[in-house]
There are 4 protein chains.
Amino acid sequence: MSVQEMLAAHPTAAAGDDQVLIRCIEECLACTQTCTSCADSSIAEDDIAPMVLSIRLCLDCANVCDTTLRVATRLTGRQSAPLASVLEACVDACRRCGDECAKHAQHHEHHRLCEAECRRCEEACRALIASL
Amino acid sequence: MSVQEMLAAHPTAAAGDDQVLIRCIEECLACTQTCTSCADSSIAEDDIAPMVLSIRLCLDCANVCDTTLRVATRLTGRQSAPLASVLEACVDACRRCGDECAKHAQHHEHHRLCEAECRRCEEACRALIASL
Amino acid sequence: MSVQEMLAAHPTAAAGDDQVLIRCIEECLACTQTCTSCADSSIAEDDIAPMVLSIRLCLDCANVCDTTLRVATRLTGRQSAPLASVLEACVDACRRCGDECAKHAQHHEHHRLCEAECRRCEEACRALIASL
Amino acid sequence: MSVQEMLAAHPTAAAGDDQVLIRCIEECLACTQTCTSCADSSIAEDDIAPMVLSIRLCLDCANVCDTTLRVATRLTGRQSAPLASVLEACVDACRRCGDECAKHAQHHEHHRLCEAECRRCEEACRALIASL
């Protein structure tokens, strides 16, 4: 709710009801926290070795989602901003992280949840790209 | 909901029902986005000059909340982590940003919303400090 | 020097003498700090209004460079990481920020320095893309 | 060199020759990259288990140094900013990370380099706190 309220209060008054934008920002917020948590859960597991790639991709995805939600939140001079390329990087990061976490989803609930969130975030970024 | 699910799925199984921790992470997520949006809204206003300090403090608060939610999310070796000092910095950043945005709350809805979020986040960080 | 030393100490031992990678990470470090400083310098100027777009693009570029240096620094499972798409976003962010800061370079030294750093960082990212 | 140039170009003209501030920002830049690299090197080692805590503390330290360099870089309204509390958190994060990496310094060069950088950054933050 707070994302919608903040966008509606922006002086450009252009995005308060942009549900595609709002959903993208909300999923990036959820995904940056989820990936941070999944990487930390993996290093606390007994058998870390097979999860090394998922740890690395979760850390990447957490960073990319964090940057994406900031660039997407800014509405000032929006048509001149690097939004499309950042969203493309976020789609890429979410897809790679989701695919890798999927390989561990049967063994660890945190990987199952992280894969699901990466899929949602990837889809939300794709929808925003399509609406630009 | 996703914060709670991820913490519950952590192998340490120690924080899935820690409502004080969950609330702190959720408020830091909301606050980092809100402050990013408030700073961007301010630079889009006609009369920027009186808002310069609020822009700066919003940018600081967005950075500190971002770091805080990451440090608070990590449960591995938690008793050895710099959680208390990071939470103290977050209380400080939220208080200063909230106080400054309060001065503009009557003129701009984004400042009113940002002040309210900073107060909630400050309170959530204080509660987590008290529970450590 | 520290970037080179750290990459050389990585167990994959694959990138200690990768001058293109080292330069990209070093320029992203310089650029994230320079853009943070340029945005802050702009809000302290008397005539902020014409610089609003440069402030926004500097904040975007600071975020993108920060994420890029992290993704580029990680060597584990590197061939599976979203490095190329993140570098493309960084080229885009640096180009847009550099072009906008160039418009103010005659009036403010911080814009001149920021444009120059954005150009160097864009070039370093392009060189790394070409070497992948 | 670029940190000094940017601070000197700030309209407040107050910190261009503040060597204590410049050194703090430079060490935070080096430390955020070094800790990101050390965490990634650790997950690529054969025997990850004993390094789990160092991975977690390196990730925390990388986040805290990143926020610290941004807050320290901003000179606008500096006396009202949460600089001291952020520096205290950075001292804490660097000390904990340095102490943990020290335990592995004999076995891995990346831990030795990371410990040394954490010590330098901690000292630079302490010096800036003392100068406030």
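The model you are looking at is a predicted one.

## Where chain A meets chain C

Let us turn to another pair of chains. How many residues does the contact take from chain A and from chain C? It takes 26 residues from chain A and 26 residues from chain C.

The size of an interface is often given as the accessible area lost when the parts come together. Between chain A and chain C, the buried area is about 2200 Å², and carbon and sulfur atoms give 58% of it. On the chain A side, A:Arg56, A:Arg74 and A:Pro82 lose the most area to chain C, and together they make up 27% of what that side buries.

## A helix pair in chain C

Now look inside chain C, at helix 2 (residues 19-43) and helix 3 (residues 52-73). Their axes come within 8 Å and cross at roughly 155°. Angles over 145 degrees count as roughly antiparallel, so helix 2 of chain C is roughly antiparallel to helix 3 of chain C. The crossing of these two helices is left-handed.

Which residues meet here? From helix 2 of chain C they include C:Leu21, C:Ile25, C:Cys28 and C:Cys35, while those from helix 3 of chain C include C:Ile55, C:Cys58, C:Cys65 and C:Asp66. By class, the residues of this contact are 17 nonpolar, 6 polar and 1 charged.

## The helix pair in chain D

In chain D, the axes of helix 2 (residues 19-43) and helix 3 (residues 52-73) come within 8 Å and cross at roughly 155°. Helix 2 of chain D and helix 3 of chain D are therefore roughly antiparallel to each other. Is their crossing left-handed or right-handed? The crossing of helix 2 and helix 3 of chain D is left-handed.

Among the residues that meet are D:Leu29, D:Thr32, D:Cys38 and D:Ile43 in helix 2 of chain D, and D:Leu59, D:Cys61, D:Thr68 and D:Leu69 in helix 3 of chain D. This contact in chain D has 17 nonpolar, 6 polar and 1 charged residues.

Terms used:
Residues are numbered from 1 along each chain as its sequence is written. Chains are lettered from A and ligands numbered from 1 in the order in which they are written. This is a predicted model: local features need pLDDT of at least 70, side-chain atom pairs count only at pLDDT 80 or more; totals for chains, interfaces and linings use all residues. Side-chain values use heavy atoms; hydrogens and water are left out. Axes are lines fitted to C-alpha atoms, for helices over the stretch in contact, and angles run from 0 to 180 degrees between N-to-C directions. Helices (H or I, at least four residues) and strands (E, at least two) are DSSP runs, numbered from the N terminus. Angles under 35 degrees count as roughly parallel, over 145 as roughly antiparallel, 65 to 115 as roughly perpendicular and the rest as oblique. A crossing is left-handed if the near helix is turned anticlockwise from the far one by less than a right angle, and right-handed if clockwise. Contact means heavy atoms within 4.5 Å. Ala, Val, Leu, Ile, Met, Phe, Trp, Tyr, Cys and Pro count as nonpolar, Asp, Glu, Lys and Arg as charged, and the others, Gly among them, as polar. Buried area is the accessible area (1.4 Å probe) that two parts lose on being put together, summed over both.
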